[in-house]
Each structure stands twice: as structure tokens, then as C-alpha cells.
Amino acid sequence: MARFADKRVLVTGAGQGIGFGVCRAFATEGARVGLNDVDDALARRAADQINAELPAPRVTAFPGDAADVPALQTMIDSFADQQGGLDILVANAGITRYVSFLDATPDIFDRVANVNLRGTYFAAQAAAKRMIAAGTPGRIILMSSIVGMKAFPNFSIYSVTKAAIQMMAKSLALELGQYNITVNAISPGATLTERVVREDPHYEQNWAQVTISGRVGYVEDVVAAILFLASREARQITGQNLVVDGGWSLRSPLPDDHPTMPEKQDYA
Ligand SMILES: NC(=O)c1ccc[n+]([C@@H]2O[C@H](COP(=O)([O-])OP(=O)(O)OC[C@H]3O[C@@H](n4cnc5c(N)ncnc54)[C@H](O)[C@@H]3O)[C@@H](O)[C@H]2O)c1
């Protein structure tokens, strides 16, 4: 029996990268999947690509802007109507803008916050309403980042949205637990996708150097964590932030001449 047989799963921002990997994995494990992306053609192509790998089509494209709250609510309702319910939401859509704090503008702030924060919040709300109305258990997984835990240059807007998502998971978990809905956040570290390679052709090697596991993260690493949080085995886990970063965020900077072990240990 497939782990997610006939579960109804909606994933935002899933035309490529991590979201695409999540859709493909759920569909491969038997789920019926709604694949959202703001890029209409990309959403349809991505759904077609996954369906072509399956014995029967299980993925439907839902193009639309995950920052447009009325459109988002319509999309979630359409998917739930079409599938007879919604079991799992992965609010993955997120954008990054590199800008120094002193050059940041209200427009940049609003766009990043609208997609990453407002869109995520209201996607979770629309999904929760459908889950509660159906009286079925639900799983909501929110996409945060290690950049929501560690400060990064030129990332202040992105970082504050991702930090807020970790608190969102706790707050929503608290209110939704009574309906048998869990809410958790995922915080990937540097994860190899088409986008990051476009931004830095040496991304894989560069991040391998500073990650304790000795390698960059792959989409499959994040996908595995999301499927775990969505699985029956994770039913007692809620309000948490699962870090998937190969240990990158564990390291604290030390002075150059800091001895790893003092020469003389005199504890007498
Ligand atoms: N790749 C990483 O290293 C990394 C690390 C930590 C967190 N994340 C987070 O994971 C998520 C996915 O990242 P990724 O690297 O796979 O991204 P990506 O840019 O490769 O893909 C994101 C997809 O989302 C779509 N999208 C963008 N804005 C949208 C909107 N308003 N509505 C619907 N779709 C939209 C894009 O068209 C794109 O297809 C994001 O929330 C990101 O912040 C990524």
C-alpha cells in the first residue's frame, strides 16, 4: 500500500525546485496532487511531466499567484471540491530578493512579505477551514529557512519572513490541534535547485565547503522531511521547525587562534 494512497495534497510554488520534488514524491506514493505555480505554462508542464512518469495521472496544475489571497482561497476550494477534500497543504511558495537593509524599499518588502508571509498564512487558513469542515485530520507544512534562524547579509527582508513562519507554525498548531490538524515548519539549508545554480554556478562546491555533512542539500533531502511530517508516523509532532541543513547552522564562529583543546588542562 502506497504511503499516501488517495491523500489529497496541495503544494504552492511547485513548478520547479523543492515544490516540484514534493509533488512528484507525493504522487509517486499514491497521493492526488494539486500543483500550483504563478507561472501558468510552468505549472502545466510540471504536472504533465510528473503524470507522464505515473501509471495514471494524479497531478493537476493550479496556476495562480500564491500572494493573491482571494485567488488562493478559490484555488484551495477548487482543489478540495474536485478531490472531495484536502488532507495536506505544503505552503512552499517563497521568493528571495537580495537587497541591503539601507537600499530596501517598501515595494520590495511588500512583495516578499506578501508571497512568503501573507500568502503562507492565508493558504494555511483556507486549507484549515476545508479540513475542519470535512472533519478529517489535516497536515499543514510551512516553508521556512535556516535564514530565518541565522542572519545573512542582504537578506533581511527574506529572513524576517522566514523567521515569522516558524512562529506561525507554533501559533497555528496551538489553535488547530483541537481539530486534529498538525502544523509544522521546515527549514532547509542551502539546497541545490535550478534557481540557485543560475545565481551561483559553483553553488554545490561552495556550500559543501561550509556544511558539516560535507555536501550541499538536495531537493530529495527536503522532500523526505516533508513527507515524514505529512505521514501518520508524525501525528504527535506539531508546532515544530525541522531543520534540514546538514548541520550548517550548528557552527558558531571562533577566533582564528582559538585552540580546539587547551594545551594544559589543570582542573585541580
Ligand atoms: N533552495 C534553497 O536553498 C532554499 C533554502 C531554504 C528555503 N527555501 C524555500 O523553499 C521554497 C522553494 O524554494 P526553491 O529554491 O525550490 O524555489 P524556486 O525559486 O526554485 O521555485 C519556486 C517556484 O515558486 C514559484 N513562485 C514564485 N512566486 C510564486 C507565487 N507568488 N505564487 C505561486 N508560485 C510562485 C516560482 O515560479 C517557482 O517555480 C521557498 O519558499 C524558499 O524560500 C529554499
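Of the contacts in the chain with a separation of 6 or more, 71% are between residues 24 or more positions apart. The model is a predicted one. The chain contains eight helices and nine strands. Its radius of gyration is 20 Å, close to the 18 Å that the globule rule gives for 268 residues, so the chain is as compact as a globular protein of that length.

**Overall dimensions and burial**

- Taken along the principal axes, the box filled by the C-alpha atoms of the chain is roughly 70 × 45 × 35 Å.
- Of the 268 residues in the chain, 43% are buried.

**Surroundings of the ligand**

- The ligand is surrounded by 29 residues, of which the closest are Gly13, Gly17, Ala66, Gly94 and Ser145.
- At least two residues of this shell come from each of α1 (17-28), β2 (32-37) and α6 (194-199).
- Sorted by class, the shell around the ligand holds 12 nonpolar residues, 12 polar residues and five charged residues.

**Packing of α3 and α4**

- Two packed helices are described by the angle between their axes and the distance between the axes.
- Helix α3 (residues 69-83) packs with helix α4 (residues 106-134) at an angle of about 35 degrees, and their axes are 9 Å apart.
- The crossing in which α3 passes α4 is right-handed.
- On the α3 side, the contact is made by Val69, Leu72, Gln73, Ile76 and Ala80.
- On the α4 side, Arg118, Gly119, Phe122, Ala123, Ala126, Ala127 and Arg130 make the contact.
- By class, the residues of the contact of α3 with α4 are eight nonpolar, two polar and two charged.

- Glutamine 16 is located in the loop between β1 (8-11) and α1.
- Not counting residues up to four places away in sequence, glutamine 16 touches Leu42, Ala46, Thr193 and Glu194.
- Glutamine 16 and arginine 45 are 29 residues apart along the chain, and their C-alpha atoms are separated by 9.9 Å.

How values were computed. Residues numbered from 1 in each chain as written. Predicted model: local features only at pLDDT ≥ 70, side-chain atom pairs only at ≥ 80, totals over all residues. Near = placed C-beta within 6 Å. Helix = DSSP H or I, 4+ residues; strand = E, 2+ residues; numbered from the N terminus. Nonpolar A, V, L, I, M, F, W, Y, C, P; charged D, E, K, R; others polar. Axes fitted to C-alpha atoms, helices over the stretch in contact; angles between N-to-C directions. Left-handed = near helix turned anticlockwise from the far one by under 90°. Contact = placed C-beta atoms within 7 Å. Rg over C-alpha atoms; globule rule 2.2 N^0.38 Å. Buried ≥ 20, exposed ≤ 12 C-beta atoms within 10 Å, placed from the backbone.
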